[in-house]
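Please walk through the fold of this chain, from its domains down to single contacts.

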Amino acid sequence: MSLRLDTGTLRIIDDEREHVASNYSPLPVVIARGEGSWVTDVEGKRYLDLLSAYSALNFGHGHPEILAAAREQLDRLTLTSRAYHNDRLGPFAAALAELCGKELVLPMNTGAEAVETGIKVARAWGYRVKGIPADAATVVVADGNFHGRTTTIVGFSDDPAARDDFGPFAAGFVRVPFGDAAAIEAAIDENTAAVLIEPIQGEAGIIVPPDGYLRAVREICTANNVLLIADEIQSGLGRVGTTFACDREGVVPDVYLLGKALGGGILPLSAVVADRDVLGVIRPGEHGSTFGGNPLAAAVGLRVVEMLSSGEFQTRATALGEHLQARLADLVGSGVTAVRAAGLWAGIDIDPAVGTGREVAERLLARGVLVKDTHGQTIRIAPPLVIRATELDWAVEQLKYVLDAS
Ligand SMILES: Cc1ncc(COP(=O)(O)O)c(C=O)c1O
């Protein structure tokens, strides 16, 4: 079944291509409005959004409480730069630190900036606290990682599409297999400042490491005086049924990297969160961002943290995740070869006999369901945590139809 596109949609896509660089290959839908778990395109067709902007829309489109916080702040003060104080950053940082059980917050904007900041903090901690010789600090990372798109970050990726032709890359990273704690232990030496991992790898296809992995990594880091940095930019803030994916194993990292949903789906807001003995190494003038910690983002972030503090969204993600996972499990063997899931987050491997992940995503689009393919045969879904069980059932029915019809 090929997608039939309306002429209005085609014209907008063609016009966009005239002036927008092709760094993405979007599905052919032009979205004009969003509300809760649903979006409407320029032709008036509605779609159930099962991607939530890669978890940035954990609370759905236009959550009234988050919109209210943004509107109130828009009328008061939006930007000061950190040349001055503003009256929103402190309350936001206090609330976020409490949510994380940590002391300090360093606010940035995008996820990649939080990762870059985490790496700088780890290196500075390595030299100033651990006593690693100058310029010798290393960070251990995992195969299959996705931490963003800056040149330093893609330099330690193993995805050719992310790194080819973008070198030369920064030194100081050692990559080991994901899910293998012994490999991390073997890679650590006296110059290792940090281990940087996603507790569950999102972009790689929702790869959940073996039980006990995070706990073992935590113990190895503690025993070797190495910082454990958890990139919870996609996995954190309620997605997997707990506030952080590390909570699933009762693990507390030294450093949390947060982003995406922290900005409530309204604006970019990321943060590095750690105790004073780690984040306190950064001195005035050593790091910053014009927009990082701006009052508009802080007001939105504060409301997001308040919403997460009740535990309501985590509980929803757990219950809805179990519901979804049970239905997806029924599809294995019928066009699906495997399902990996944690909370309301799933990677679904499509049988090549049915088509590629992209083809299935396009067929689902035609039936009013938005998902995203990754790495050829996988589609991943991260529905807004406000979605209803009946809506999930409907979406799975559409997937079943698409698989059966192929
Ligand atoms: C785990 C993880 N880290 C970092 C990033 C980068 O975030 P951003 O796109 O906001 O720079 C992403 C984005 O998908 C991510 O999934």
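**Domains, core and sheet**

In this predicted model, the centres of domain 1 and domain 2, taken over C-alpha atoms, are separated by 27 Å. The domain assignment gives residues 7–62 + 314–405 to domain 1 and residues 64–309 to domain 2.

Where the two domains touch, 27 residues come from domain 1 and 23 residues from domain 2. On the side of domain 1 that touches domain 2, at least two residues each are supplied by α2 (52–55), α12 (312–329), β11 (336–341), β12 (346–350) and β15 (378–381). The most, 4 residues, is given by α12. Sorted by class, this side of domain 1 holds 13 nonpolar, 12 polar and 2 charged residues.

The next topic is the core. The largest nonpolar core has 118 residues, and Val 195 and Leu 227 touch the most other members. Helix α11 (residues 295–309) provides the largest share of this core, 10 residues. Domain 1 and domain 2 each contribute at least three residues to this core. Leaving aside residues up to four places away in sequence, Leu 227 touches Ala 122, Trp 125, Ala 193, Ala 194, Cys 221, Asp 254, Val 255 and Val 278.

Four strands, in the order β1-β2-β3-β13, form an open sheet with mixed pairing. Its edge strands are β1 (31–35) and β13 (369–370), each of which pairs on one side only. Strands of a sheet pair through backbone hydrogen bonds, either parallel or antiparallel. Strands β1 and β2 (residues 38–41) run antiparallel and are joined by 4 bridges. Across from Glu 35 stands Trp 38 in β2.

Terms used. Residues numbered from 1 in each chain as written. Predicted model: local features only at pLDDT ≥ 70, side-chain atom pairs only at ≥ 80, totals over all residues. Pairing = 2+ DSSP bridges. Core = buried A, V, L, I, M, F, W, Y, C linked by C-beta atoms within 7 Å. Buried ≥ 20, exposed ≤ 12 C-beta atoms within 10 Å, placed from the backbone. Domains from an automatic or database assignment. Contact = placed C-beta atoms within 7 Å. Nonpolar A, V, L, I, M, F, W, Y, C, P; charged D, E, K, R; others polar.
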